[in-house]
Amino acid sequence: MFAGAWARLPDLPAASGSQVWLVGRGEALARFLSRDALRADARPTLDALRGLGLRVRLLSGDLPEVVAGVASELGVERASGGATPAGKTEAVRMMQAEGA
């Protein structure tokens with residue numbers, strides 16, 4: 001239905017953030033990009049945890065592409081997105097069983 005309108009707007013990498021479209025009368029009028037800023041102390045905090053010998057993993061309900069982008073910025077090698085609350089609980093249980 002909006003294929004022509006989508007074609008006129010440039011692609012944005014999924015890791016850039018969440019996209020919201022404004023549509024009126026069958027026409028895409030605008031696209032907004034929303035992204036949370038990383039805290040200034042995020043990287044140093046993770047580096048300090050690594051310095052203590054801890055392994056860092058990012059587990060989030062956000063889009064996998066967004067999580068991958070944040071993980072890359074923070075130097076986190078193990079990251080998963082799209083996790084449900086139950087999935088997060090299960091992941092923590094599995095890590096605990098592995099001795100994490």
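## Close-up views of a predicted chain

View 1. Helices (H or I, at least four residues) and strands (E, at least two) are DSSP runs, numbered from the N terminus. Gly99 follows H4 and has a positive phi, near 90 degrees. This is a predicted model, in which local features need pLDDT of at least 70 and side-chain atom pairs count only at pLDDT 80 or more, while totals for chains, interfaces and linings use all residues. Residues are numbered from 1 along each chain as its sequence is written, and side-chain values use heavy atoms, with hydrogens and water left out.

**View 2. The whole chain holds four helices and four strands.** Starting at the N terminus, the elements follow the order α-β-β-α-β-α-β-α. Of the 100 residues in the chain, 18% are buried; buried means under 20% relative accessible area, exposed over 50%, and partly exposed in between (1.4 Å probe, protein chains only).

**View 3. Strands S1 and S2 form a hairpin.** S1 (18-24) and S2 (27-34) run antiparallel and are joined by seven bridges; two strands pair if DSSP finds at least two bridges between them. One of the paired residues is Val23, whose bridge partner in S2 is Ala28. Two residues lie between the strands. Arg25 is in this loop and has a positive phi near 55 degrees, although it is a residue other than glycine. With 89% relative accessibility, Arg25 counts as exposed.

**View 4. Four residues form a nonpolar patch on the surface.** Val20, Leu22, Leu29 and Phe32 together have about 390 Å² of accessible area, a value from the Shrake-Rupley method with a 1.4 Å probe, where for residues only the protein chains shown count as cover. Patches are made of residues with over 30% relative accessible area and no salt bridge; like charges are joined within 9 Å, and nonpolar side chains (Val, Leu, Ile, Met, Phe, Trp, Tyr) within 5 Å. S1 and S2 each supply at least two residues of the patch. Leu22, in strand S1, is partly exposed at 42% relative accessibility.

**View 5. Ala71 is a buried residue.** Ala71 belongs to helix H3 (residues 64-74), and its relative accessibility is 3%. Apart from neighbours within four places in sequence, Ala71 is in contact with Leu58, Val76 and Ala79; contact means heavy atoms within 4.5 Å. Leu59 is twelve residues from Ala71 along the chain, and their C-alpha atoms are separated by 9.8 Å.

View 6. A salt bridge is a side-chain nitrogen of Lys or Arg within 4 Å of a carboxyl oxygen of Asp or Glu. An α-helix has 3.6 residues a turn, so residues three or four places apart point the same way. Arg50 and Asp47 also meet in a salt bridge (2.8 Å, N to O). Shared partners join Arg43, Asp47 and Arg50 into one network.
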